[in-house]
Amino acid sequence: GQSQDRNEEWISLFTGTEQYINSMDILWGDHFASEYEIYTSQDGVQYEKIYSVSDGKGQKETVPVGTICQYVKILMKAGPQADYQIKEVTLQTSQLLSQNRKTETSSQSTQAPTFTGNLAVDGDLNTRWASLRNEDDNWISVDLGAKATIHAIEVNWESACSDQYQI
């Protein structure tokens, strides 16, 4: 796409993924931003700045993202032309290693016996594992099946979550 004028312009992209985004490739047209910022968001409303570029050269530029997010915004602030052109944006993602893998747990709730460990990694945020109530030192372990490089860990807690934990 091409922007209208030289003022600050932005484009927000819905990632469509719950995967870790390592980096983003921006393929600029002839009218590139030499100064721009990268923001991420989970809801498309509240954004957090994660990266700034003050010496963009155009062509293809790779910028680090390094997070799990639903939205990525590029805020173009300055460039040599009166507008900006982005030909393509490509997200470099990592695979979710834990989904549907074997789990072990320290306990299982007696009040909710159907909330087994495998529900913590089934990809459905409406299901969960529940440990014994009022017991300290409960744990869950996920067998990834092989040695792996871990880029990020995201824990989606239910409202009755622990206030102290270790990963």
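Student: Let us start with the inside. How many residues has the largest nonpolar core, and which have the most contacts inside it?

Tutor: That core, in this predicted model, comprises 17 residues. Those with the most contacts within it are Met-24, Ile-26, Trp-28, Tyr-36, Ile-38, Ile-74 and Met-76.

Student: Which strands each supply at least two residues of this core?

Tutor: They are strand 2 (20–28), strand 3 (35–41), strand 5 (60–68) and strand 6 (71–78). Strand 2 gives the most, with four residues. As a general point, nonpolar side chains in soluble globular proteins tend to be buried together.

Student: What does Ile-74 touch?

Tutor: Setting aside residues up to four places away in sequence, Ile-74 touches Glu-9, Trp-10, Ile-11, Met-24, Ile-26, Tyr-36, Glu-37, Ile-38, Ile-86 and Val-89.

Student: Moving to the rings: how many aromatic pairs are there?

Tutor: The count comes to three aromatic pairs. One of them joins Phe-14 and Tyr-71, with 5.3 Å from centre to centre and 50° between the planes, and is tilted.

Student: Where do Phe-14 and Tyr-71 lie?

Tutor: Phe-14 lies in strand 1 (residues 9–14) and Tyr-71 in strand 6, so the pair ties together parts that are 57 residues apart in sequence.

Student: And is Phe-14 buried or exposed?

Tutor: Phe-14 is exposed, its relative accessible area being 53%. Tyr-71 is partly exposed, at 22%.

Student: What about the rings of Trp-157 and Tyr-165, how far apart are their centres?

Tutor: Their centres are 5.1 Å apart and their planes stand at 55°, so this pair is tilted. Trp-157 counts as partly exposed, with 43% relative accessibility.

Student: Which ring faces does Lys-73 lie over?

Tutor: Lys-73 lies over the face of Trp-10, at 4.5 Å from the ring centre. Lys-73 also lies over the face of Tyr-47, where the distance to the ring centre is 4.2 Å.

Student: Change of topic. Where is Ser-107 placed?

Tutor: Ser-107 is in the loop between strand 8 (102–105) and strand 9 (140–143).

Student: Buried or exposed, that Ser-107?

Tutor: Ser-107 counts as buried because its relative accessibility is 10%, and the cut-off for buried is under 20%.

Student: What is Ser-107 in contact with?

Tutor: Apart from neighbours within four places in sequence, Ser-107 is in contact with Trp-129, Ala-130, Ser-131, Leu-132 and Asn-138. With Asn-138 there is a polar contact of 2.5 Å between the side chains.

Student: Now Ile-68: which strand is that in, and is it buried or exposed?

Tutor: Ile-68 is in strand 5, and at 14% relative accessibility Ile-68 counts as buried. The C-alpha atoms of Ile-68 and Ile-50 are separated by 12 Å, the two residues being 18 residues apart along the chain.

Student: Last, the backbone. What is the phi of Gln-59?

Tutor: Gln-59 has a positive phi of about 60°, although it is not a glycine. In general, most residues other than glycine have a negative phi. Gln-59 lies in the loop between strand 4 (48–53) and strand 5, and it is exposed, with a relative accessible area of 62%.

Student: And what is the phi of Asn-100?

Tutor: Asn-100 is not a glycine, and its phi is positive, at about 60°. Asn-100 is found in the loop between strand 7 (86–93) and strand 8. Asn-100 is exposed, with a relative accessible area of 55%.

Terms used: Residues are numbered from 1 along each chain as its sequence is written. This is a predicted model: local features need pLDDT of at least 70, side-chain atom pairs count only at pLDDT 80 or more; totals for chains, interfaces and linings use all residues. Side-chain values use heavy atoms; hydrogens and water are left out. A nonpolar core is a set of buried Ala, Val, Leu, Ile, Met, Phe, Trp, Tyr and Cys residues joined through side-chain atoms within 4.5 Å. Buried means under 20% relative accessible area, exposed over 50%, partly exposed in between (1.4 Å probe, protein chains only). Contact means heavy atoms within 4.5 Å. A polar contact is a pair of N or O atoms within 3.5 Å; within protein, one must be able to donate a hydrogen and the other to accept it, and residues adjacent in sequence count only if both atoms are side-chain atoms. Rings of Phe, Tyr and Trp (its six-membered ring) pair if their centres lie within 6.5 Å; planes under 30 degrees apart count as stacked, over 60 as edge-to-face and the rest as tilted. A charge sits over a ring if NZ of Lys or CZ of Arg is within 6 Å of the ring centre and within 35 degrees of the ring normal.
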